[in-house]
Amino acid sequence: MSKEEVFIGAIDQGTTSTRFIIYDKSASPIGSHQVEFTQFYPEAGWVEHDPMEILDSVRLCIAKAVDKATADGYNVDRGLKAIGLTNQRETTLLWSKSTGCPLYNAIVWMDARTSSVCRKLEKELPGGRTHFVESCGLPISTYFSAVKLLWLMENVDAVKAAIKKGDALFGTIDTWLIWNLTGGINGGLHVTDVSNASRTMLMNLKTLDWDKTTLETLGIPAEILPKIVSNSEIIDKISKGWPIPGIPIAGCLGDQHAAMVGQACRMGEAKSTYGTGAFILLNTGNEIVKSNHGLLSTLAFKLGPKAPTNYALEGSIAIAGAAVQWLRDGLGIISSASEIESLALQVDSTGGVYFVPAFNGLFAPWWRDDARGVCIGITRFTSKAHIARAVLESMCFQVKDVLDSMHKDAGEKGEVKNEKGEFLLRVDGGATVNNLLMQIQVRVLFYICCFLFSPLQLYSLLLTMNLSIPIFIFG
């Protein structure tokens, strides 16, 4: 075992858990630690995180990972050269720059409380739901940070007061972590990276800066926004009080953009990440491709201040692995997420059961924040194994919907195929350890022999046809 002292670290701050991983020079992990943190659901459709708990989880994971690697004989204190950061995107918070305290819980990306804000904007703005698409590539949706920020500005007295006093700082989770890692109230840097900024609905995709017209239209003060930096540059060093003081923060990307880089997706290549949600991104190179089929035009990555900018088409699915978590925590059908595969394998099909996991609406390509989850086709024959399998199938049908739209938007010129003329989808994320899920996904993508319906179409058709529509999948 090589003990050469060259290591890098990675903070992975996700929707349901935080990890810190230490890698050696061959990119092999030599120490890691992961913890889950609390999900708050104050009302139906609302999802919040405690920003201080997230900070504590990062601190704990760094300390534990370093301890584990040190116990295995690695001199991390001497060999750790830099860390990078990846994070859940769109999740929004404001805090006091004088006290460092959050002014409200973080509003999570899947939170749907801002439906009324979206409807109001759609009604008032001449471009309706697509009013800001030309500048930021995103429709008006509960998904994005800008409308969450508007809700906070309108409904939280502490936010109103802090903005009036010039004491408020806005950020997504990357900004919150970097500000605290680099000193917090003692000179912490208030920055975000281009990938996270591109998900706020406030950044201009062409200039890579905050769009002044958008800020004026929404009434958002520019002084509360962080500086935008590239995905690969030395941002600053970690301050005292953290387990690894003095180590440079050398990169930051939103989680789905980091997955695209990790999968080495070149122009025309795509990846799908199966996590809390599911996210499919197609690298479109230096071209901003506008979608006519319900996808998002977004920034992929910019690997240095002077590096070229890569863009992407994205299809975002709100609920994927979160549905498995719901089976565990909400219904008690399983006691751990890993049990769903063995449970679903007890049956050969769903027995006519279909599941639409629209817990907080449907994202791409439908953008229906008024949709809600359904489970249909249940009979006395139905068992928990059928429901488990239907949950797995629901993830795959949603990915299929997005890929259908992606093929239409990108076309022959926008996709790279192998020598057999096949379009390859790279997959990653925690749910990919589920072999049955991946097998179902392959069958849904390539071997369906009948009409393939979207979740909403399937819901409507099955109801009107007395639940008698069959679907045949051949392996």
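**Aromatic rings and an enclosed strand**

R59 lies over the face of W242, with 4.0 Å separating it from the ring centre. The structure shown is a predicted model.

A pair of aromatic rings is described by the distance of the centres and the angle of the planes. Two rings pair here if their centres lie within 6.5 Å, and by this rule the count comes to 16 aromatic pairs. Take F7 and Y74 as one of them. Their ring centres are 5.8 Å apart and their planes stand at 85 degrees. Planes over 60 degrees apart count as edge-to-face, so the pair of F7 and Y74 is edge-to-face. Where do these two residues lie? F7 belongs to strand β1 (residues 7-13), while Y74 is in the loop between α1 (51-71) and α2 (76-79). The two parts are 67 residues apart in sequence, so the pair ties them together. Both F7 and Y74 are buried.

W109 and Y143 make another edge-to-face pair, with 6.1 Å from centre to centre and 65 degrees between the planes. This pair, too, links distant parts of the chain, 34 residues apart. W109 is in the loop between β7 (106-107) and α3 (115-124), and Y143 is in the loop between α4 (133-136) and α5 (145-155). W109 and Y143 are both buried. They also belong to one aromatic cluster, together with F144, F279, F363 and W367.

The next part to follow is strand β15, residues 270-274. Is this strand enclosed or open? Buried means under 20% relative accessible area. Five of the five residues of β15 are buried, so the strand is largely enclosed by the rest of the structure.

Which strands pair with β15? One is strand β16 (residues 278-285), which pairs with β15 in the antiparallel sense over five bridges. Within this pairing, K271 has L281 as its bridge partner in β16. Three residues lie between β15 and β16, and the two strands form a hairpin. Another partner is strand β21 (residues 425-428), which runs parallel to β15 and is joined to it by four bridges. Here A270 stands opposite L425.

Key:
Residues numbered from 1 in each chain as written. Predicted model: local features only at pLDDT ≥ 70, side-chain atom pairs only at ≥ 80, totals over all residues. Heavy atoms only, no water. Phe/Tyr/Trp six-rings, centres within 6.5 Å; stacked < 30°, edge-to-face > 60°. Buried < 20%, exposed > 50% of the residue type's maximum accessible area, 1.4 Å probe, protein only. Lys NZ or Arg CZ within 6 Å of the ring centre and 35° of its normal. Pairing = 2+ DSSP bridges.
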